[in-house]
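Please look over the sequence and the model displayed here before reading the report that follows.

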Amino acid sequence: MDPDKYFKVFLVSPISTQFENGNPTYVAGKTGCEIVKEVIRGSGFKEPKTEEIMYLDKSPEYWSGYVLAYYQWYTAKT
């Protein structure tokens, strides 16, 4: 799925609100693959049949998301 399309789908999903509110199930309890699949399933798109891979090293994307989430929490912005 195109990243821009996924981002738009994520923004209107209930999961984005759960992230915003700091729900531990979504912030720390699920892998990225699980969240992506849940968002896609909830939007009515066909779920991709790909193997979930767990990386031990943190990617630049991980740290970007971490910093953004921390900033959002620290400033209490939606």
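Which side chains meet in a salt bridge? The side chains of K30 and E38 do, at 3.1 Å from N to O, where a salt bridge is a side-chain nitrogen of Lys or Arg within 4 Å of a carboxyl oxygen of Asp or Glu.

## Basis of the report

The model is a predicted one, in which local features need pLDDT of at least 70 and side-chain atom pairs count only at pLDDT 80 or more, while totals for chains, interfaces and linings use all residues. Residues are numbered from 1 along each chain as its sequence is written, and side-chain values use heavy atoms, with hydrogens and water left out.

## The salt bridge

A search of the whole structure finds one salt bridge, and K30 and E38 are the residues that form it. K30 counts as partly exposed because its relative accessibility is 28%; on this scale buried means under 20% relative accessible area, exposed over 50%, and partly exposed in between, with a 1.4 Å probe and protein chains only.

## Helix α4 and its packing

Helix α4 covers residues 32-43, twelve in number, and spans 17 Å from its first C-alpha to its last, close to the 16 Å expected at 1.5 Å a residue. Helices here are DSSP runs (H or I, at least four residues), numbered from the N terminus, and the expected span is 1.5 Å times one less than the number of residues.

Within α4, the buried residues are I35, K37, V39 and I40, and these pack against α1 (3-12), α2 (14-20) and α3 (24-27), with contact meaning heavy atoms within 4.5 Å. After α4 comes G44, which has a positive phi near 95°.

## Two serines in loops

S13 lies in the loop between α1 and α2 and is buried, because its relative accessible area is 10%. The side chain of S13 reaches the backbone oxygen of F10 at 2.7 Å.

S59 is placed in the loop between α4 and α5 and counts as partly exposed, at 29% relative accessibility. Its side chain makes a polar contact with the side chain of E61 at 3.2 Å, a polar contact being a pair of N or O atoms within 3.5 Å of which, within protein, one must be able to donate a hydrogen and the other to accept it, and for which residues adjacent in sequence count only if both atoms are side-chain atoms.

## A nonpolar surface patch

Y62, W63, Y66, V67, Y70, W73 and Y74 form a nonpolar patch on the surface, and together they have about 880 Å² of accessible area, as given by the Shrake-Rupley method with a 1.4 Å probe, where for residues only the protein chains shown count as cover. Such patches are made of residues with over 30% relative accessible area and no salt bridge, nonpolar side chains (Val, Leu, Ile, Met, Phe, Trp, Tyr) being joined within 5 Å and like charges within 9 Å. Y62 belongs to helix α5 (residues 60-75) and is partly exposed, with a relative accessible area of 36%.
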